[in-house]
Amino acid sequence: MFMEKRKKERRKVSPVRKWIERLILLIAVCVFIYAGWNLYTIFKANDDEAKDTERLRDTAKIPTKEEDLDKFKVDFDALKKVNPDIVGWIVVLDTEISYPVVKGSDNEYYLNHLYDKTENYAGSIFMDYRNNEDLSDPNTFIYGHNVHHGTMFAELENYVKKDFFEKHPYVYYYTPDASYKLQVFSAYVDKGDSQSYNISFGDDASYQAYLDYVKGLSRHTNDVTVTAKEHIITLYTCSYEDGRNPGNTEAEYIDDRYFVHCKIVKALNGEMPYEKSN
């Protein structure tokens, strides 16, 4: 009897402990709800991005065959009604890269806004606000996020692989006034604030030195030559090759970038950009 009484006494739980257990349970439920909400918002943002992009591709009627891209013209009148900031359209054949290019008043806004100005962490493909829309600058920078689910400029990272570099030599870029075929001549990883990040040059000699420098950095080589007479487009996105990424809470600021340099080799319609700047 004595032992049974002692066991019953030990089974009694104090009111304080009960409240602690309830509080722990409440916290666990809140954490679960918060995590679920975060997953939902990420899924919804991804879904919104995909639907909006597909809707605009249908509006622009972007072809998927190279021979069609060579003679294609984008309906910029329709696109400008969606957003006057749309200045171009970029396509890399056989990839997810087929997007409008926007240009804002800074390089911040379109980091977290879609082409229609809807707020979304995936952002947009956008031109450096300091560049001219008609590609008349020697080097035009176009930015996009390296999104983990494979959209925006995520596939630029594949250009450091030899097979991809060789099988995807061309990029198509369309503007309201002209359409261009570009050829990739260099792809590599460098720091975001390195010598590779340069959009203005004092003279032809400094520009040629830059072209020789970035071509020398390429992971792979081809027979494309680039002279100071010609204009290039540089595609730019984050690199996670060193293992750091936004999902790693211990990651420091990510300062590595993929640089993919493309020479404008042909005007599909209109004149070459360097003819405009002369």
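The legends below describe close-up views of a helix and of a strand with its partners in a predicted model. Local features need pLDDT of at least 70 and side-chain atom pairs count only at pLDDT 80 or more, whereas totals for chains, interfaces and linings use all residues. Residues are numbered from 1 along each chain as its sequence is written, and side-chain values use heavy atoms, with hydrogens and water left out.

**View 1. The buried face of helix α6.** Helices (H or I, at least four residues) and strands (E, at least two) are DSSP runs, numbered from the N terminus. Buried residues (under 20% relative accessible area; exposed, over 50%; partly exposed, in between; 1.4 Å probe, protein chains only) of α6 are Y207, Y210, L211 and V214. Seen down the axis of α6, these buried residues fall within an arc of 100° (taken from the directions from the helix axis to the C-beta atoms), so they line one face of the helix. Residues A205 and G216 are exposed on the face turned away from the buried side of α6.

**View 2. The N-terminal end of α6.** D203 caps this end of the helix, with a side-chain oxygen 3.2 Å from the backbone nitrogen of A205.

**View 3. Strand β1 and its partners.** In strand β1 (residues 86-91), six of its six residues are buried. Strands pair if DSSP finds at least two bridges between them; β1 pairs in the antiparallel sense with β2 (residues 98-102) over five bridges, and I86 has V102 as its bridge partner in β2. β1 also pairs in the antiparallel sense with β5 (residues 170-174) over three bridges, where V91 stands opposite Y172.

Note on methods:
Polar contact = N/O pair within 3.5 Å; in protein donor to acceptor, adjacent residues only side chain to side chain.
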